[in-house]
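Please keep the sequence and the 3D view open while you go through it.

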Amino acid sequence: MDASEGRGAAGPAAEVSEAAAPPSEAPPIKPPADAPPRRGFSRRRLLGAGAVGIAGLGAAAAGGYVVSDARSGARSGGSDTAAAIPFRGTHQAGIVTPAQDRLHFVSFDVTTESRADLVDLLREWTKAAERMTAGEAAGALGAVDGPIEAPPQDTGEALGLPASQLTLTIGFGPSLFDRRFGLAAKRPAALVDLPAFPGDDLEAARSGGDIAIQACANDPQVAVHAVRNLARIGFGAVAVRWSQLGFGRTSSTSRGQATPRNLFGFKDGTANLKAEDASLLEQQLWAGAADGTPWMANGSYLVARRIRMHIETWDRTSLDEQQAIFGRFKGTGAPKTSADADSAEFDDFEFDTVTGASEPVIADNAHTRLAHPDFNQGARLLRRGYNFVDGSDGLGRLDAGLFFLAYQRDPRKQFIPIQQNLARVDAMNEYVKHVGSAVFACPPGLSRDGYWGDTLFA
Amino acid sequence: MRISRPSTVLVLALVGVTLAGCGSSSDDKASGDKKGGPVSVAATDTSCKLGDTELDAGTSTFEIKNTGSKVTEFYVYAEGDRIMGEVENIGPGLTRKLIVELPAGSYQGACKPGMKGDGLRTALKVTGASESLGTDAQLAEATASYQRYVKSQTTALIAKTTEFVAAVKANDIEKAKALFPVARTYWERIEPVAESFGDLDPRTDARENDVEPGTEWTGFHRIEKDLWVTKDVSKDGALADQLLKDVQEVVTKSNSVKLSPLELANGAKGLLDEVATGKITGEEDRYSHTDLWDFQANVEGSKAAIAALRPTLEDRNPALVKELDTRFAAVQKLLDAQTTDDGFKLYTDLTQAEIKQFATAVDALSEPLSQVAAVVAQK
Ligand SMILES: [Cu+2]
């Protein structure tokens with residue numbers, strides 16, 4: 001599926017047909033058993049390949065075909081956690097792609113003042129990203145085949161590792177749309193600066209940024225390798241503003257996945273948008289040309305929040321109170337309104353149910369009630385957050401929490417009202433603190449020859 | 001990679017360091033075919049007048065007369081501050097001669113009263129026929145040019161270390177503190193060369209935690225701690241003498257070592273690595289917090305090595321040269337913003353945001369610098 005089909009002048013009709021089509025990030029097609037062997041220099045094949053002669057290098061350097069060939073060869077079943085996820089498509093990979101196990105998220109400040117340099121970087125990044133998501137080295141000469149006097153083009157720590165379903169997803173922050181690059185008029189209305197929420201304790205050094213890249217993979221080494229190499233390519237044009245490692249995905253973005261647990265030990269985000277909900281995704285996840293920002297059609301808006309959890313005080317809280325705060329049972333994840341014995345996570349919440357004392361079973365300030373679509377004009381999010389533990393904080397407490405990532409069609413109608421609701425009264429607020437915050441416009445997926453951001457910089 | 005010396009060796013020898021006073025009776029062997037006389041350079045504490053600014057390609061002789069009150073130096077720079085020739089230590093009232101071969105091109109003559117700063121510069125235009133240099137000749141000239149730079153730095157290093165040591169031994173703490181970052185400037189500019197001589201570098205420049213068990217901690221930083229922390233250098237006489245002796249040995253070796261062009265390239269990168277790991281973190285001068293002096297010196301030393309390689313880089317990868325120029329300038333701009341009357345702000349007075357800016361600029365410069373060696377090595 002070529003992204004150009006769904007781009008640009010595509011009217012509502014085109015959008016409807018897109019909606020009916022399976023999402024481009026659906027499990028990729030397995031190659032036939034007799035598929036030709038891959039050419040080029042696979043990261044995973046390099047170790048066994050031994051010394052590669054000059055002729056081989058020339059061939060690798062000469063051809064874009066190496067990349068595309070490697071990509072098509074790399075396709076395999078979506079359930080194969082080592083496989084490659086296609087990089088190009090109508091939408092960027094890494095949004096409805098079944099959430100991988102690990103995350104390295106990075107936010108950059110653009111340091112160059114030249115628009116041309118920035119576009120050059122985006123092109124360079126696109127090449128490297130496409131290579132790495134296919135399981136290749138960041139540069140054509142890889143980690144060991146370049147001239148010995150030069151630093152290797154790839155840092156090498158992912159040599160021998162498979163693609164591990166690596167996805168790299170780019171987003172542009174509000175600050176990019178200032179005067180520097182002539183983008184002010186292209187800033188989407190939906191890319192608002194988030195308002196100050198009650199209780200926020202934001203650190204500038206963990207917030208904002210001109211450009212974000214989300215790297216998700218099933219192997220942390222692969223995700224870190226990708227970010228490290230992209231950062232390196234970016235030296236001189238961008239500087240890392242902050243980054244966040246995540247493990248233990250806290251949400252599922254596909255019905256094939258179970259809802260995992262956050263560091264409070266609870267299932268959360270059960271009502272998450274899922275890859276299979278095609279029409280809901282069109283409604284709530286993907287921006288459309290008609291939203292007022294044509295270059296964002298088939299893109300999405302990302303809100304990132306670093307939510308520190310007061311783990312130690314939570315762990316001293318009774319089970320009863322913990323369950324009351326969530327409005328769920330800790331064991332099954334079922335709503336507190338379900339019969340404890342045979343209830344299940346996906347039971348409907350019955351928010352009107354009251355106890356004998358006429359108290360609602362799910363309290364007015366329970367987390368699930370406040371976050372539920374029923375109390376937010378039906379607004380939903382596609383969450384793909386991760387747990388984090390960044391060691392300890394020097395006071396002997398875990399520096400841990402949830403790195404919340406949520407994609408949506410319009411933060412003004414989705415994340416912001418939901419978070420305003422939560423920030424005001426959520427019983428969980430006593431145990432969490434939002435310390436980092438950022439919002440990004442994630443452009444559509446890439447056409448065959450497209451580069452990251454081409455619809456914006458066109 | 002072996003560099004063979006070209007047959008058309010560019011004689012850039014620093015001949016003519018004739019002793020002062022005896023004026024200009026020229027020893028014109030090297031510049032015999034030069035029409036017109038030597039170029040007179042009238043140097044004072046505030047001016048630097050050249051008798052001629054349009055020269056013919058070939059060998060030129062400069063005669064520098066210092067009528068000022070400060071010791072001065074004279075340099076001829078090519079583009080990118082590549083040193084074509086230099087004469088140092090021209091005391092008040094002295095006249096010295098510099099003979100240098102200049103192919104057609106644009107140059108600058110510079111006096112440096114007080115041996116500091118960029119110098120008082122005058123543009124020089126050299127026209128006429130000049131042989132173009134082959135690759136090997138170019139690279140041989142690169143190492144020769146860089147070695148002239150090393151020589152200029154080591155001369156000042158000895159002078160300033162001697163003053164520093166004298167202040168320490170005189171128990172003049174304030175004076176020693178003032179001289180500490182100055183003496184180190186010359187050290188830090190040529191650090192990749194200086195640190196290539198076994199344990200001389202650790203003896204001279206080790207930080208407290210770098211000292212191997214069983215080894216005595218000596219050198220600049222040991223005295224730094226006594227100056228700033230214990231505030232007592234009364235027992236440091238022997239340490240100071242040892243420092244000067246070690247520095248002298250480093251200088252002797254630095255001036256005789258034969259460097260390869262690849263070593264220039266790697267040294268240029270190594271200096272910025274020093275900045276990234278030692279200066280940006282404030283580790284280097286952890287007692288005096290004069291890290292920005294070292295930072296500046298490392299950048300200058302790196303720039304000097306790149307300047308020496310410039311003709312080769314221009315031929316082979318002009319885009320890289322352009323990028324290096326831009327990135328060097330960006331780092332320098334940040335450093336300039338932190339200068340004070342007598343040098344630089346203390347590291348401890350920098351904000352986290354300023355340190356981040358430095359780190360970003362250094363990363364941006366180091367990445368293209370890391371590409372230089374491969375360009376130099378390519379055939
Ligand atoms: Cu929640």
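1. A residue is called buried when its relative accessible area is under 20%, and exposed when that value is over 50%. Gln414(A), with 6% relative accessibility, therefore counts as buried. Please bear in mind throughout that this is a predicted model.

2. The side chain of Gln414(A) reaches the backbone oxygen of Arg380(A) at 2.7 Å. Leaving out residues up to four places away in sequence, Gln414(A) touches Gln284(A), Ala379(A), Arg380(A), Leu381(A), Gln408(A) and Arg409(A).

3. On chain A as a whole, the secondary structure comes to twelve helices and nine strands, and 56% of the 458 residues count as buried. When we take the contacts in chain A with a separation of 6 or more, residues 24 or more positions apart account for 77% of them.

4. Which residues coordinate the copper ion? They are Asp268(A), through OD, and His367(A), through NE2, at 1.9 to 2.1 Å. Asp268(A) lies in the loop between strand E4 (238-249) and helix H7 (278-284) of chain A, while His367(A) lies in helix H10 (residues 367-371) of chain A, so the pair ties together parts that are 99 residues apart in sequence. Asp268(A) counts as buried because its relative accessibility is 9%, and His367(A) is likewise buried, with a relative accessible area of 9%.

5. Two residues of chain A call for a check of their backbone angles. As background, most residues other than glycine have a negative phi. Asn298(A), although not a glycine, has a positive phi of about 75°, and this residue is found in the loop between H7 and strand E5 (300-309) of chain A. Gln377(A) is not a glycine either and has a positive phi of about 50°, with its place in the loop between H10 and strand E6 (382-383) of chain A. Are these two residues buried or exposed? Asn298(A) is buried, with a relative accessible area of 7%, whereas Gln377(A), at 79% relative accessibility, counts as exposed.

6. Turning to where the chains meet, twelve residues of chain A are in contact with twelve residues of chain B. The area buried between chain A and chain B is about 890 Å², and carbon and sulfur atoms give 58% of that area. Of the area that chain A buries against chain B, Glu149(A), Phe235(A) and Gly236(A) supply 53%, which is more than any other three residues.

7. How many salt bridges does the rule find across the interface of chain A and chain B? The rule finds one, and a salt bridge is formed by Glu367(B) with Arg232(A), the closest N and O atoms being 3.1 Å apart. There are also three residue pairs in polar contact between chain A and chain B. E4(A) gives the most to the side of chain A that touches chain B, with three residues, and by class that side has six nonpolar, two polar and four charged residues.

8. The secondary structure of chain B comes to eleven helices and eleven strands, and buried residues make up 52% of its 379 residues. Among the contacts in chain B between residues at least 6 apart in sequence, 70% join residues at least 24 apart.

9. Just after H5(B), Lys231(B) takes a positive phi of about 55°. Ser288(B), in the loop between helix H7 (261-279) and helix H8 (291-316) of chain B, touches Phe180(B), Glu224(B), Trp228(B) and Leu346(B), not counting residues up to four places away in sequence. Ser288(B) counts as buried, at 2% relative accessibility.

10. Last, please look at Leu324(B), which is found in helix H9 (residues 318-336) of chain B and counts as buried at 1% relative accessibility. Apart from neighbours within four places in sequence, Leu324(B) is in contact with Ile306(B), Leu313(B), Leu365(B), Pro368(B), Leu369(B) and Val372(B). By C-alpha atoms, Leu324(B) and Gln147(B) are 21 Å apart in space, and they are 177 residues apart in sequence.

Key
Residues are numbered from 1 along each chain as its sequence is written. Chains are lettered from A and ligands numbered from 1 in the order in which they are written. This is a predicted model: local features need pLDDT of at least 70, side-chain atom pairs count only at pLDDT 80 or more; totals for chains, interfaces and linings use all residues. Side-chain values use heavy atoms; hydrogens and water are left out. Donors are N, O and S atoms within 2.8 Å of the metal (3.2 Å for Na, K and Ca); water is not among the atoms, so sites may look incomplete. Helices (H or I, at least four residues) and strands (E, at least two) are DSSP runs, numbered from the N terminus. Buried means under 20% relative accessible area, exposed over 50%, partly exposed in between (1.4 Å probe, protein chains only). Contact means heavy atoms within 4.5 Å. Buried area is the accessible area (1.4 Å probe) that two parts lose on being put together, summed over both. A salt bridge is a side-chain nitrogen of Lys or Arg within 4 Å of a carboxyl oxygen of Asp or Glu. A polar contact is a pair of N or O atoms within 3.5 Å; within protein, one must be able to donate a hydrogen and the other to accept it, and residues adjacent in sequence count only if both atoms are side-chain atoms. Ala, Val, Leu, Ile, Met, Phe, Trp, Tyr, Cys and Pro count as nonpolar, Asp, Glu, Lys and Arg as charged, and the others, Gly among them, as polar.
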